[in-house]
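Good morning, and thank you for joining. Please look at the sequence and the structure as I bring them up.

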Amino acid sequence: MAIALNTAQKQFYTLYIDLLASVLNGTQPPSLPEDFNWEYACRNAQNNSVANILSYTLDKVNVKPSQTVINVLKNEQRLHILKETSQLFDVEKVLAQFEKEGIKNIPLKGYFMKHLYPQTDLRTMTDIDILVDKRDFKKIEQVFLNLGYKNANVLNAREIHFKRDLLYFEIQSTINSNNDSFFDDIWSRVKPRDGYSYSYEMLPEDFYLYMVYHTAKHFKSGGMGIRMVMDICVFLNACPNLNFDYISERLREMELSAYEQKLRELSVNWFSAEPTQINAFGEFVLYCSTYGQRVVSFFQSNQRTEHGYWIKQFFPPYSRMKGLYDYLEKFPILLPFSWVQYWGRRALFDRDIHIKRGITERANNLDKESGEFLINLMNELEIK
């Protein structure tokens, strides 16, 4: 599928977006044509983590899908209700232990966003992100092990991950990407959450800035899906009195002013009462799944040629390796040693080197028209 949509595709996606928006807004779904492609809508919704939202339109639409599609969507709904119940219970259990151990924390993204949606199960969480002080990593690991979780052994000096059943926690020591420092002072701009002494929340303006920054990170590293656009509109509706003077000032520092404006316009257009329009930014979002597309990642990260791709694969840049190995912060000259350490671990312990799969993935690339489309979009959004 090319990024740019033809007329028929735009007509389909307009109805698809309006279906999702009707659930968020509590309005009547759009009138569907008899040949509406419910099978494709279902697959797309699954790929974008919004199938549970689409399931709530089934009783109201004028054109019903096949029983197969109904079963898939209803199963998605049941799964996410079950998963949500488990997630919410276990998050609070973990935070209670953090409180007991005096571990400062800031729950991120979906944990708060869920409660801004009309129903909490409408906002799925693939994983649960919590910001902490890195000096507490050892205490945090013991908390999770005591609660029956396993360390996922993710190779990242800035994060530790834990998993159990349907639950996956990402414990982060920073919310900055690469060499950025925009959120280095975030701990000085938070407030304690009601009922907690060690759990904090960002001010609404900083939370919004983080959402924009986070989506931009995904945009730059492979793309972003429809749920990220949806989150922006839901948040703006829930917080109508944001201080945009402060937000605009910080966006200029981040060089995300043009991007945020276009993202906000897109989100409001798609998920409010406005007539839905699908522009170039929207076409790109619809091309991607929840967290983007691998082929876009290759294209955006200067891996557009075979030569560039393999150099990046075998010799990851300093900005990436610094996030894996702390010692590079003080001793960047040890970058070549970190490459040896990186490949040694992957070959001997993780055993996740798949050269054949890498060659197959690299064979897929954006066609010329889609490549030009993406370059023009990045220029329009002033994404660097």
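Predicted model: local features only at pLDDT ≥ 70, side-chain atom pairs only at ≥ 80, totals over all residues.

In which sense do β3 and strand β4 pair, and over how many bridges? β3 and β4 (residues 159-164) pair in the antiparallel sense, over two bridges; two strands pair if DSSP finds at least two bridges between them. Lys150 stands opposite Lys163 in β4.

Residues are numbered from 1 along each chain as its sequence is written, and side-chain values use heavy atoms, with hydrogens and water left out.

Helices (H or I, at least four residues) and strands (E, at least two) are DSSP runs, numbered from the N terminus. The open sheet has five strands in the order β1-β2-β5-β4-β3, with mixed pairing. Its edge strands, each pairing on one side only, are β1 (105-107) and β3 (150-151).

Let us turn to the helices. α4 lies across β1, β2 (128-132), β4 and β5 (167-172), and runs at about 40 degrees to β5. Axes are lines fitted to C-alpha atoms, for helices over the stretch in contact, and angles run from 0 to 180 degrees between N-to-C directions. Contact means heavy atoms within 4.5 Å.

Within α4 (residues 67-101) lies His80. His80 is buried, at a relative accessible area of 15%, where buried means under 20% (1.4 Å probe, protein chains only). Leaving aside neighbours within four places in sequence, His80 is in contact with Asn52 and Thr124.

Terms used:
Buried < 20%, exposed > 50% of the residue type's maximum accessible area, 1.4 Å probe, protein only.
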